[in-house]
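Good morning, and thank you for joining.

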Amino acid sequence: MTRVAIFVDTQNVYYTVREAYGKHFDYRRFWAKVTADREVLTARCYAIDKGDAKQREFQNILRSIGFEVRLKPFIQRSDGSAKGDWDVGITLDAIEYAAKADVVVLVSGDGDFDLLAQKIREVHGKRVEVYGVPQLSAASLINAASEFIPIERGLLLG
């Protein structure tokens, strides 16, 4: 059975799906698609924790599907800007699992992950599937993936 490691850049998916379609990503349908006939080594969603009840409810839904939810605190800077991305955490975890998995799945359109996808393919010889909103995903990431799977109608709620 094919072993898969799944890494979801939750903030990226939320904002790109909302901007492109005005909808939400269907995590249950995604889970069914990406795990079919595969052994899940890990499935992690990376998010920013603002501590509100609606967000906790969403995190619990993700856990009930099968995801481990990794959280970082939301940091509001004194200049009004905010910080809270998981790029390094996702990268470190993906590299750790690349040796064990047959397929690494990354859900993000962030071009910062192009080097990660390329490295996993070249160094570890593994398949990298990237799910992203086509019009809001970096061309460099799309090109670095073994396969780019567009987030479109079938993976949207509503």
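Predicted model: local features only at pLDDT ≥ 70, side-chain atom pairs only at ≥ 80, totals over all residues.

Residues are numbered from 1 along each chain as its sequence is written, and side-chain values use heavy atoms, with hydrogens and water left out.

Let me begin with the sheet. Helices (H or I, at least four residues) and strands (E, at least two) are DSSP runs, numbered from the N terminus. Two strands are said to pair if DSSP finds at least two bridges between them. On that basis there is an open sheet of six strands, with parallel pairing, in the order β4-β3-β1-β7-β8-β9. Why do β4 and β9 (147-150) stand at the edges with one side left without a neighbour? Each has a single partner strand, so one side of each has no neighbour in the sheet. The twist averages 20 degrees from one strand to the next; axes are lines fitted to C-alpha atoms, for helices over the stretch in contact, and angles run from 0 to 180 degrees between N-to-C directions.

Now to individual pairs. Helix α3 lies across β3 and β4, at about 150 degrees to β4.

One side chain in β3 deserves a moment, that of Arg38. Which side chain does it meet in a polar contact? The partner is the side chain of Glu129, at 2.7 Å. A polar contact is a pair of N or O atoms within 3.5 Å; within protein, one must be able to donate a hydrogen and the other to accept it, and residues adjacent in sequence count only if both atoms are side-chain atoms. Leaving aside neighbours within four places in sequence, Arg38 is in contact (heavy atoms within 4.5 Å) with Met1, Thr2, Val4, Val103, Val105 and Glu129.

On a 1 Å grid over the protein atoms alone, a cavity is a set of points where a 1.4 Å probe fits but cannot get out, a pocket is an open set with protein on both sides within 12 Å along at least five of seven lines, and lining residues have an atom within 4 Å of a point. Grid points are joined across faces, edges and corners, and a volume is the space filled by probe spheres set on the points.

The largest pocket holds about 700 Å³. Of its 23 lining residues, Tyr14, His24, Lys54, Gln55 and Phe58 are the closest to its centre. Helix α3 gives the largest share of that lining, eight residues.

There is one cavity of 30 Å³ or more, and the largest cavity has about 40 Å³ of space. Among the residues lining it are Phe7, Ile90, Leu106 and Val128. Helix α5 (114-124) gives the most, with three residues.
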